[in-house]
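Biologist: I have a new model open on my screen. Could you walk me through reading its features, one at a time?

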Amino acid sequence: MNEIKRLMKENEIVSPDTYISLLNDVSENINKKNYLDILTFVVYLNEKPIEISTENENKFKSCIDNLISKLNDVLPRDLKPLLAKQTGLYVFHDNETLKNDIKTTNMALNSMISLISTTLIKYTTKEIENMIYFYFNPNSRKEIHYDFIKDILSQIYEIEDKQEKFRSMINFINVHSKKEIFRVLNYFIHNSIYDKIYFLTLYLINKTLYEEYLNIIFNESYYKRASFIEILPHFDLDLEKYDFNSEILHKIFQTRPLHRPKIVDYLTKNTRKKIWLLCFIEEMYDLFDESQFKKFGFSFDEHLKIASKNSKHLFYTFKNLKEIAPEHVEKALGPFANVLTTHENIIPSFCDEFEMTENLLFKDLFQIMCTSKKLPENVVKIFTDRFYSDENYFFELAQQLNKNQIFDQMENLLKNEESLLRFIALLQPVEIYCQIHYFKNMKNSIAASQLIKQRKDVFNEQVSCETIRKLSSGDLPPLFMRTVIVTLLNFPNCKTFVCELMIHLIQKQIWKDERLYSGFVKCLSILENEGINILMMLSEEQMLETIRRSGALLDNCEKYLNKNTFIPGNAGNIFKRVVRRELNRIRRARK
């Protein structure tokens, strides 16, 4: 047998008779201790058939057939298919050069590997592993054996039948040792194969070997970066034993629910790695329970950092703000508002949860959001749809609205001095004074004007005159003359301004509007002599109609005539005639 091994490893020239004699000796001495060596030699002959002259054909063929027959008798059943594949062990030629010698050569490794791996997959025995170790040169075994493992695994993954593939994996696992783990893992990495079935099979049939795999995967940075952790069926997480980086721990946390409590506890206690926990929560928020957050001891800034990445945490942070920032609640609202503004999609549900409970803190937050800076249009629309008619929120929201939107709500919300002051903070006094004249309900306009009347410090003579001037430039509202009269009574010094206005109203033919005309007549009576001068600007017919509408005005006219016997001009003559005619009519009516 030593001679066979030597021939397999070295190139040597021997005579045909020597070779045949050697084969006969082998046939006679085959037994259960040496059959693997002989089988390996036969496999070698199949790869590199012996070339021999036809002169020695009968002797050689008889010798080989005898060897195969005796070898088959002692081989285990699992190895018989391997022997059956060995068919072309020799070639005969009519060549004179073959009569005297036979050349032995090293075996072709690639073909040998393919043959053995195919057999290993389907007919595995522990003996084949021994044969493999015997065959490969120990000095080059590392490289060769890695190729062998690659070939085996490649063929396994090409098997289509699931049961056959599974059986092949079991066979492979049973014969490879922990020395080959690196090569197996390298094969998976280089071929982008991360097979859960392989590792599950390994875990089920050989837990000792599986633990060896875990030691390498968890301790070698090259393998920790790969995706093995995601497919391992089970492992005990020893965070003190294995130095996991953030990326690996992230994968374990994400894919291993049973290990999450241990990881959270480890990161909570390890302050240097607390930042990892923050990142995990930001990226996998739904995997955490709300009750855990109190245990983490995060600061307000840390909670806000989480909320900036995951809007759901805004609800938790706001709900527990007094506990998270007990001494700085008001200061915390500003930064919180900034983050909330960036999550437009959750603002409606956020309002649902906190505004409906009349949360006072929500009102403070709302005020800060609306008054600190210009909000995005979408956020303004959300708030407008929700709070536009709510007096509890409108005045904060108004900071984000245009004047027309504010005007539209003034009639509904201008109810008392407090609300008037809040409108004063939003608008110019003249704008407010003008707007109340266009309320849909006149009672609301009158009530608002009464509030304004009480605040002469704001709605002073200048504001009142400017308001009247603006109103008079267009269509006159129904309460226009009422405002003119109130202004005249409150601010007597503006009589000249009112007189000029009355002249302007004559030009606008104010008598065409009955409500305005009544106020015009009353205003003339209040103006006394100045009012009479304006009255004389009317036509005789209109003058008579105006005087008849007010007894006070007629009394003023009578006094004026008694003091002024001479009134120059045609207007004065008409005035005297109209006044006397009306006085005579009244005296006759009394008789």
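Biologist: How many helices and strands are there in the protein?

Modeller: The protein has 38 helices and 4 strands, where helices (H or I, at least four residues) and strands (E, at least two) are DSSP runs numbered from the N terminus. This is a predicted model, in which local features need pLDDT of at least 70, side-chain atom pairs count only at pLDDT 80 or more, and totals for chains, interfaces and linings use all residues. Residues are numbered from 1 along each chain as its sequence is written, and side-chain values use heavy atoms, with hydrogens and water left out.

Biologist: What percentage of the residues count as buried?

Modeller: Of the 591 residues, 49% count as buried; buried means under 20% relative accessible area, exposed over 50%, and partly exposed in between (1.4 Å probe, protein chains only). As for contacts (heavy atoms within 4.5 Å), take those between residues at least 6 apart in sequence: 69% of them join residues at least 24 apart.

Biologist: How do I read a pair of packed helices, and what is the angle between α20 and α22?

Modeller: Two packed helices are described by the angle between their axes and the distance between the axes. Here α20 (residues 312-319) packs on α22 (residues 329-341) at about 160°, and the axes are 11 Å apart. Therefore α20 is roughly antiparallel to α22. Axes are lines fitted to C-alpha atoms, for helices over the stretch in contact, and angles run from 0 to 180 degrees between N-to-C directions. Angles under 35 degrees count as roughly parallel, over 145 as roughly antiparallel, 65 to 115 as roughly perpendicular and the rest as oblique.

Biologist: Which residues of α20 and α22 meet?

Modeller: From α20, Leu-314, Thr-317 and Phe-318 meet Leu-333, Phe-336, Val-339 and Leu-340 of α22. The residues of this contact divide into 6 nonpolar, 1 polar and no charged. In that scheme, Ala, Val, Leu, Ile, Met, Phe, Trp, Tyr, Cys and Pro count as nonpolar, Asp, Glu, Lys and Arg as charged, and the others, Gly among them, as polar.

Biologist: Where does Ser-311 lie, and which residues does Ser-311 touch?

Modeller: Ser-311 lies in the loop between α19 (300-309) and α20. Ser-311 counts as buried because its relative accessibility is 14%. Leaving aside residues up to four places away in sequence, Ser-311 touches His-343 and Ile-346. Its C-alpha is 9.1 Å from that of Thr-342, 31 residues apart in sequence.
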